[in-house]
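Visitor: Hi, could you walk me through this one? I'd like to hear about the packing and the helices.
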Amino acid sequence: MSEKVQQLVDWNAKKSVLRLNGHKFKEFVKTAPRNYSIIVMFTALQPQRQCVICRPASDEYTILANSYRYSSAYSNKLFFALVDFDEGSDVFQMLRLNTAPVFMHFPAKGKQKGADTMDIQRVGISAEA
């Protein structure tokens with residue numbers, strides 16, 4: 001487990017939002033044991049996907065991840081990641097996602113709850129939300 005955390009910390013030193021494909025998602029998010037939480041933005045950034053909200057949502061998400069990474073609260077217990085449809089369509093299928101963007105929290109322990117998926121229709125996409 002410490003190897004997984006160290007790899008995430010190393011990646012996080014270079015980028016505040018870690019890009020995951022299907023393989024990395026399974027390894028770092030779905031495979032136990034895991035002593036860290038991870039917040040994942042599922043998106044469709046390619047222009048042919050015609051997701052007009054995905055780019056501004058991604059920009060706000062990056063602001064949030066940067067704010068956390070450079071804050072005094074930063075630790076190796078929480079990471080921010082992104083899965084783009086074109087790099088991880090298998091993940092979208094596995095989670096039965098048919099829209100983007102979607103923000104999901106994967107807690108370190110226990111099962112996901114309804115509150116672990118952010119309702120952007122209700123709260124919007126700004127970093128403050």
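**Helices and core**

Guide: Happy to. This is a predicted model. Let's begin with α2: the cover over its buried residues includes α1, β2, β3, α4 and β4.

Visitor: Which residues of α2 are buried?

Guide: G22, F25, F28 and V29 are the buried residues there. Their arc around the axis is only 145°, so they sit on the same side of α2.

Visitor: And what happens at the start of α2?

Guide: A side-chain oxygen of N21 comes to within 3.2 Å of the backbone nitrogen of H23.

Visitor: Let's switch to α1. What span should its 13 residues have?

Guide: At 1.5 Å a residue they should span 18 Å, and the end C-alpha atoms are 19 Å apart, which agrees.

Visitor: Which residues of α1 are buried?

Guide: K4, V5, L8 and N12. They cover an arc of only 95° around the axis, so they lie on the same side of α1. The face turned away from that buried side carries the exposed residues S2, E3, A13 and K14. Covering the buried residues of α1 are, among others, β1, α2, α3 and β3.

Visitor: How many residues does the largest nonpolar core have?

Guide: It has 21, and F25, I38, V40, F42, V83, L95 and F106 make the most contacts inside it. Elements giving two or more residues to this core include α1, α2 and β2. Another core, of 15 residues, lies apart from it, with V17, L78, L82 and A100 among its members.

Visitor: What does V40 touch, leaving aside neighbours within four places in sequence?

Guide: V40 is in contact with F25, V29, Y61, A81, V83, V102, F103, M104 and F106.

Key. Residues numbered from 1 in each chain as written. Predicted model: local features only at pLDDT ≥ 70, side-chain atom pairs only at ≥ 80, totals over all residues. Heavy atoms only, no water. Core = buried A, V, L, I, M, F, W, Y, C linked by side-chain atoms within 4.5 Å. Buried < 20%, exposed > 50% of the residue type's maximum accessible area, 1.4 Å probe, protein only. Helix = DSSP H or I, 4+ residues; strand = E, 2+ residues; numbered from the N terminus. Contact = heavy atoms within 4.5 Å. Expected span 1.5 Å × (residues − 1). Arc of directions from axis to C-beta. Polar contact = N/O pair within 3.5 Å; in protein donor to acceptor, adjacent residues only side chain to side chain.
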